[in-house]
Amino acid sequence: MSENKYNLIVIGGGPGGYVAAIRASQLGMRVALIEKDQLGGVCLNWGCIPAKALLRSAEIHHLLKAASAFGLRVSDMGVDWSAVVARSREVAGQLSKGVAHLLKKNKVEIISGHGTFQSANSISVSRDGAETVTLSADHIIVATGARARDLPGITAGSDRIWNYRQAMTATALPSSLLVVGSGAIGIEFASLFAEFGVAVSVVEMADRILPNEDTEVSAYAKAQFEKRGIRFLTEAKVTSMEETASSVEAVIETNTGSNREVFDCALMAVGVVANSDSLALEKVGVELKNSSIVINKCGQTHVPSIWAIGDVAGGPWLAHKASHEAVATVEHIAGHSNAHPINRANIPGCTYSFPQIASIGLTEQQALAANHKIRKGNFPFIGNGKALALGDADGFIKTIIDDDTGEILGAHMVGAEVTELIHSFVLARELEATEDEVGMTMFPHPTLSEALHESVLSAAGKALHI
Amino acid sequence: MANTVTEYVMPKLAMAMNEGTVADWLVQDGDYVEAGIPLAAIETEKVAYDVESPVSGYFYSVVPVGQTVDCGTLLAHFCTEPRRPDAADTSANSSTDLPADTLGANEARSKRDPVAPSVVDSASDTAATSEPKRLKSSPLARKLGKQLNIQLDALTGSGPGGRIVKRDVMAASESKTHQSAQLATAAEASGGDILATLPMSGLRKTIANRMVQSLQNTAQVSCHWESDITRLLAQRAELVEQEDLLGTRVSVNAFLIKALVYAIRQVPIANANVVNDEIVIHRNINMGMAISIPGSTEYDSGLMVGVLHNVESMGLVAIDKGMRSLIARVRNGEATSDDLSGSTFTLSSTAGIGPPGLKTTPVLNQPNVALLGPSTPVERPMIKDGDVKACTMLPLSFTFDHRALDGEPAARFMAALNNALEKPSLLLT
């Protein structure tokens, strides 16, 4: 094999790309990974991880404010925002180094630069505008991710009109913040800044916040966020935004009319757009739809040697989905005996707000729309001993059970640490456990997990603590 | 109290049975079971048997429903005390004592339709739910299988490690619906391209496996010739006239079996089985007969080999009667284990179905080393003693396993058979 000839080239070193490269190497392939920026992609550097580090600071802040309720005295409490950001960057940096180490350990060749397609089997890599090398491979996986979407006429990325990058590295806390979009990203930043005393307004086009979640979860979460001082404008849209030296002026259109409001800063969180441009995909005939690469269930594009995984291949835009697609696609390419396409009906969603939100499967509305005859389970954390001990008993776990088969069609949670509880339902669904098996499972006491057990039991009228 | 334990092993219910599947336990763990009551449904490749309890005692299963094990493998315990045996308990007798008793004691009842292991039970609230199963399936798949009446053991799992999951059951259910829909529309004709989709399962799968195995593991050679059966038919006509007296309308096949007995006596190695690298030549001639049976749909067919034992000691009439009742038992699903095992030679006829003069290359019925495939006779002008005569010629295809049988004995066998068919008086010898 010549020096620049590989079994597999992966473009992009995020949670899709680097996982693909490692798995391919494990399966005996010679792998090159092309990354133009930092290993770990948005997730590690500008998304999941640094955001969770920031939210941890906010959570501790929230607990300290309530210290007296726990019998503790705290004085001279304050926020050093730049230190909060610094810690977040440190955590991200640590993980990014970890990825580099993992790739090295697995003998993946890391090529720094921007890759563009020369042909269906070759990639030209350039750095600072100059071509450095041309690589060829039997297979090429595109894992270039996605970036924040702009609204028409509003371009984020400035000092006052932010996307997630500016939001997580803001030099100072704003006094007021307009968040456009109430998906996971918008809600997490709203929670973060509201906790640190920022006056946060969230604008959502749909008639409810977190529109992908079950309506009961949306409504409950909205009330909780409002208690923490977040203001919501639903069925509303921002029609224009102007940045001045000291503020952002936004025109917000609601059912009741159009209002001009002034904020210190604004965060655009209206979804993402695939990084499918500037790869010369059109040159090799890869098909796109709304900027996402069109793939089959194994990740293959219309060009047999070209594959795509993660955000660039369409939603949901989640790191764990990208990583799983990576493994499934690489194993499929390798002809691995146990290769399986990912189960798209079983991708969990988590929002790390206060309270947290997590869900899997069908919402009540989706289950009914799909003509399922359902039974609903619900258990509030107020009935859970561990939640009371934590002093964090807001929220509930709702389960949607198929009345005929006992299949767990969906689970929807809001409350303490629910992002750490959802995996039980993901596992149960993956193993196709029904309500009977979950009902028979012993959950340790005292834990929050008992609430999910009780929720499933309650769907059959068998809950014990409510 | 001392708990005396009797071990119950997978019985050997037929000569050719090497393994069996516990299709169902007919008693519950912990039940006190009297000797002689129906104990379990045991399935082999071909037949399902209900076996009776050989002893009395408290029953505790060891092998769960659905599991396939070798004959002689421990299946269950019979205890004198109502508790599962432990290390301290004494053994009443050795496990190998029982299968022979079982073989003798049980009147084996067979069903053509395989009985499905009741894997669905595990989804219910009853006790034996957590027992391990060889058939890997999800709880949801089992529940759906029960609801949609889909037998899981007939499915190929698409989950990790071949686990049967919801989508497999749904696909099977859809294909079942699809099939009935297709069959319904077939009457109206034209419609779609697919007339019917038939699952490769159950009997079909067994046939497929055996055919492929036979072709892969043997050195099959097929030969063809025609025997003049004009005289044989004349003799048969005499017997047919006596139908009322004889109690049967003696068939050409009965003559053929007689002729095969004659030829086997000349060349005994044609009456043999290859078993574990040994060629076992048999004294008794157990005639395997390929019997067509109805398939699962009007488009499908089924095939089973019935066995007429000890034809060497039978006359034409006995052979004919035995053959007719064997075919009826197999087709009605009433075949006993003996009816379906122990063949030493196979007869696979397409006579009366295929066109006159048809030549075939029949696939050996393993472990038999030889098979005769007669087909529909054809009228031909033949030169006999210098004259042209109208003769009825029987086309014969003979397949032999060259691993066991070389060309010379095979040719001698065919010559002997031809001789017997053309000079039917030899059949009286």
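Predicted model: local features only at pLDDT ≥ 70, side-chain atom pairs only at ≥ 80, totals over all residues.
Show chain A and chain B together. Select the residues in contact: 16 from chain B and twelve from chain A. The area buried between the two chains is about 1200 Å². Carbon and sulfur atoms supply 45% of that area. On the side of chain B, pick P139(B), L140(B) and K143(B), which lose the most area to chain A. Together they account for 39% of what that side buries.

**Helix α13 of chain A.** Select residues 435-440 of chain A, helix α13, and find D436(A) within it. Is D436(A) buried or exposed? D436(A) is buried, because its relative accessible area is 18%, below the 20% cut-off. The side chains of D436(A) and K143(B) are joined by a polar contact of 2.6 Å.

**Charged pairs.** Two salt bridges are found across the interface of chain B and chain A. For one that links K166(B) to E407(A), select both residues. Their closest N and O atoms lie 2.8 Å apart.

**The side of chain B.** Colour α2 (139-148) and α3 (166-188) of chain B; these are the elements that give two or more residues to the side touching chain A. The largest share, six residues, comes from α2(B). Finish by colouring that side of chain B by residue class: seven residues are nonpolar, five polar and four charged.

How values were computed:
Residues numbered from 1 in each chain as written. Chains lettered and ligands numbered in written order. Heavy atoms only, no water. Helix = DSSP H or I, 4+ residues; strand = E, 2+ residues; numbered from the N terminus. Buried < 20%, exposed > 50% of the residue type's maximum accessible area, 1.4 Å probe, protein only. Polar contact = N/O pair within 3.5 Å; in protein donor to acceptor, adjacent residues only side chain to side chain. Contact = heavy atoms within 4.5 Å. Buried area = accessible area lost by both parts, 1.4 Å probe. Salt bridge = Lys/Arg side-chain N within 4 Å of Asp/Glu carboxyl O. Nonpolar A, V, L, I, M, F, W, Y, C, P; charged D, E, K, R; others polar.
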